[in-house]
Amino acid sequence: MRSLALLIAPFLASCASMSEPEEPRVPPASIAVVFDRESATPVIVEGLADRATGRPARANDPVRIASISKLVMALATLKLVDEKKVDLDRDVSDYLGWQVRSPNYPDAKVTLAQLLMHRSGLRDAAGYVIPLGESLEARLSEPEAWYADAPPGEAPFEYANLGSPVVATVLEAASGERFDRLVERTVFAPLGVEACFNWIGCSQEISDSAVTLYRSTGEVARDDASDRPPNCTFPVADGVECTLESYVPGTNASVFSPQGGVRIGMMDLARIGQELLKKPDESFLSENALGALIFSTMAEPEDQTFFCSYGFHVQMIEAVEGCDDVLFADDRMRFGHAGEAYGLRSGLWVNAETGTGIAYFTTQVPDRTAPDEGGFAPEEIALVRRAIAVSKAQGGE
């Protein structure tokens with residue numbers, strides 16, 4: 001009898017599972033918006049923005065777009081170049097009032113151009129999140145923050161998030177404006193978009209419509225109700241009050257997470273992409289600034305498998321043969337920026353030849369299996385190609 005029970009146990013278990021229907025799988029929150037110079041169309045809007053409440057994702061719900069934030073910061077930088085408040089080739093120490101130097105090369109200046117192109121010698125080994133109450137100057141004095149074997153400008157390309165707080169702090173020092181307000185004035189407001197860094201400056205209504213980021217395991221990664229206003233939303237050192245009332249611009253703009261902290265909806269992100277497609281005489285950037293941004297992508301860093309063509313926080317993809325940066329696979333080059341953090345993959349890519357582009361994100365993407373694993377995730381490749389197919393079916397590109 002015991003042997004018979006062992007034989008039929010799997011069958012009984014199978015029957016039991018068949019009698020209990022599985023809950024329907026909720027797709028990850030994914031949104032894709034295709035656009036041209038005149039219009040933007042959401043072609044994929046699916047999943048839940050918040051599983052806790054069951055709120056569905058909507059086309060312009062704000063999401064943390066990760067490193068696309070760097071492109072936003074580059075646009076603000078070029079606006080200050082237009083305003084003659086910063087010079088891309090000037091020593092950033094002149095703006096900050098203290099020396100920014102690699103310990104091994106104390107005579108080599110660090111410039112905004114080097115920082116924007118990840119050629120300043122800065123590295124992320126010392127960490128790149130400097131909370132309110134801590135010192136950016138002190139962080140940059142740590143040897144681990146620098147490439148040891150070549151001076152800034154000659155150091156090899158190394159994608160480093162630490163450069164972003166330096167750029168943002170320089171912009172503050174040069175303009176006298178707090179970084180979030182500076183970007184609002186120079187980028188968001190002129191383009192008519194609603195966006196913010198670390199929820200700072202966004203209305204409660206906007207933050208309440210946030211897309212919560214989940215990891216592939218289903219656990220919350222960022223931006224659930226506990227990670228949004230009225231709770232503290234930016235990094236703060238132990239014992240320091242979570243308020244920016246006494247913050248002094250030009251000291252530590254890391255609190256705004258300029259490397260990845262922009263919250264913006266895909267319709268609004270598409271609006272930024274549309275601006276990049278404008279003719280020079282129609283752009284909110286000067287012809288010189290817009291040209292500098294686009295032509296900077298002609299730089300081809302050595303020994304890169306993904307950032308094979310990278311400029312002022314803008315990347316050209318599918319431009320270098322053999323590079324692991326194939327997203328569209330249609331033999332057309334596009335420029336923009338990718339984002340990756342907290343289970344999210346995102347992108348803003350424009351095709352100047354056809355005057356079209358796409359803004360997208362998808363969530364619950366598995367973490368990389370190795371630190372140097374490059375390329376786009378299969379999940380975002382599938383999303384982008386599905387979005388393009390839907391757009392074509394609707395009469396788009």
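Asp-367 and Arg-215 form a salt bridge in this predicted model, their closest N and O atoms being 3.9 Å apart, where a salt bridge denotes a side-chain nitrogen of Lys or Arg within 4 Å of a carboxyl oxygen of Asp or Glu. The pair links distant parts of the chain, 152 residues apart: Asp-367 lies in the loop between β13 (356-362) and α11, and Arg-215 in the loop between β7 (213-214) and β8. Helices (H or I, at least four residues) and strands (E, at least two) are DSSP runs, numbered from the N terminus. Asp-367 is exposed at 54% relative accessibility, whereas Arg-215 is partly exposed at 24%; buried means under 20% relative accessible area, exposed over 50%, and partly exposed in between (1.4 Å probe, protein chains only). Residues are numbered from 1 along each chain as its sequence is written. Because the model is predicted, local features need pLDDT of at least 70 and side-chain atom pairs count only at pLDDT 80 or more, while totals for chains, interfaces and linings use all residues; side-chain values use heavy atoms, with hydrogens and water left out.

Side chains of opposite charge can pair when their charged atoms come close. By the rule stated above, the count comes to 21 salt bridges. One of them joins Arg-386 to Glu-46, with the closest N and O atoms 2.9 Å apart. Arg-386 belongs to helix α11 (residues 378-393) and Glu-46 to strand β2 (residues 40-46), so this pair ties together parts that are 340 residues apart in sequence. Arg-386 is partly exposed, with a relative accessible area of 38%, and Glu-46 also counts as partly exposed, at 23%. A further salt bridge is formed by Glu-177 and Arg-185, whose closest N and O atoms are 2.8 Å apart. Glu-177 counts as buried at 17% relative accessibility, while Arg-185 is partly exposed at 35%. Both residues belong to a network of salt bridges that links Glu-83, Lys-85, Glu-177 and Arg-185.

A pair of aromatic rings is described by the distance of the centres and the angle of the planes. Rings of Phe, Tyr and Trp (its six-membered ring) pair if their centres lie within 6.5 Å; planes under 30 degrees apart count as stacked, over 60 as edge-to-face and the rest as tilted. A search of the whole structure finds 12 aromatic pairs. In one of these, the ring centres of Phe-179 and Phe-256 are 6.2 Å apart and the planes stand at 50°, so the pair is tilted. Phe-179 lies in helix α7 (residues 179-191) and Phe-256 in the loop between β8 (220-222) and β9 (262-264), so the pair ties together parts that are 77 residues apart in sequence. Phe-179 is buried, with a relative accessible area of 0%, and Phe-256 is likewise buried at 0%. Phe-307 and Tyr-310 form an edge-to-face pair, with 5.4 Å centre to centre and 90° between the planes. Both Phe-307 and Tyr-310 are buried. These two residues belong to one aromatic cluster that comprises Phe-157, Tyr-159, Phe-306, Phe-307, Tyr-310, Trp-349 and Phe-376.

Charged groups are also placed over aromatic rings, the criterion being NZ of Lys or CZ of Arg within 6 Å of the ring centre and within 35 degrees of the ring normal. The charged end of Arg-222 sits over the ring of Tyr-342, 5.2 Å from its centre. Tyr-342 is found in the loop between β11 and β12 (344-351) and is partly exposed at 28% relative accessibility. Although not a glycine, Tyr-342 has a positive phi of about 55°. Arg-90 lies over the face of Tyr-95, at 4.8 Å from the ring centre.

Most residues other than glycine have a negative phi, and most peptide bonds are trans. Asp-331, in the loop between β10 (315-317) and β11 (334-341), has a positive phi of about 65° and is exposed at 82% relative accessibility. Pro-229 and Pro-230 are joined by a cis peptide bond with omega about 10°, and Pro-230 lies in the loop between β8 and β9.

Helix α9 (residues 266-276) is mostly covered, with 9 of its 11 residues buried. The buried residues of α9 include Met-266, Leu-269, Ile-272 and Leu-276.
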